[in-house]
Amino acid sequence: QVQLVESGGGLVQAGGSLTLSCAASGSIFSINAMGWYRQAPGKQRELVAISASSTNYVDSVKGRFTISRDNAKNTVSLQMNSLKPEDTAVYYCNAVIKTGWGLSAKGFWGQGTQVTVSS
């Protein structure tokens with residue numbers, strides 16, 4: 001089995017910064033992609049940033065958030081700067097992982113971490 005453990009959420013004032021971290025462990029053969037999603041109350045979960053063969057961001061965070069991935073450690077982090085109240089959400093780590101040779105890659109989720117930005 002695969003586990004994704006997140007850390008780093010919290011409460012911050014608008015304009016502040018937070019860094020989220022996620023570590024994948026367990027039966028990992030290879031990782032195709034790692035990224036971050038978020039879900040605000042009453043809204044659908046959306047992709048924030050992903051690191052695969054390339055790096056992509058949702059338009060609303062471009063220039064403010066930076067995703068970093070350490071392939072050797074199976075970790076991914078999200079540096080969030082210039083935070084806005086509209087960034088408030090539960091942030092979820094996601095990884096697309098092969099658990100064995102010849103197996104299809106599957107998506108795995110972390111438990112989520114709350115980020116609250118006060119105005």
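**View 1. Tyrosine 92, a buried residue.** At a relative accessibility of 15%, tyrosine 92 counts as buried (under 20% relative accessible area, with exposed over 50% and partly exposed in between; 1.4 Å probe, protein chains only). The model is predicted: local features need pLDDT of at least 70, side-chain atom pairs count only at pLDDT 80 or more, and totals for chains, interfaces and linings use all residues. Residues are numbered from 1 along each chain as its sequence is written, and side-chain values use heavy atoms, with hydrogens and water left out.

**View 2. The aromatic pair of tyrosine 37 and tryptophan 109.** The structure holds 3 aromatic pairs; rings of Phe, Tyr and Trp (its six-membered ring) pair if their centres lie within 6.5 Å, and planes under 30 degrees apart count as stacked, over 60 as edge-to-face and the rest as tilted. Tyrosine 37 and tryptophan 109 are edge-to-face, at 4.9 Å centre to centre with 65° between the planes. Because tyrosine 37 belongs to strand β4 (residues 30-39) and tryptophan 109 to strand β10 (residues 106-109), this pair ties together parts 72 residues apart in sequence. Strands (E, at least two residues) are DSSP runs, numbered from the N terminus.

**View 3. The rings of tyrosine 92 and tryptophan 109.** Tryptophan 109 counts as partly exposed, at 40% relative accessibility. With centres 6.4 Å apart and planes at 90°, the rings of tyrosine 92 and tryptophan 109 form an edge-to-face pair. Ring pairs link Tyr37, Tyr92 and Trp109 into a cluster.

**View 4. Arginine 45 over the ring of tyrosine 92.** The charged end of arginine 45 sits 3.7 Å from the centre of this tyrosine 92 ring (NZ of Lys or CZ of Arg within 6 Å of the ring centre and within 35 degrees of the ring normal). That charged end also sits over the ring of tryptophan 109, 4.6 Å from its centre.

Methods
Helix = DSSP H or I, 4+ residues; strand = E, 2+ residues; numbered from the N terminus.
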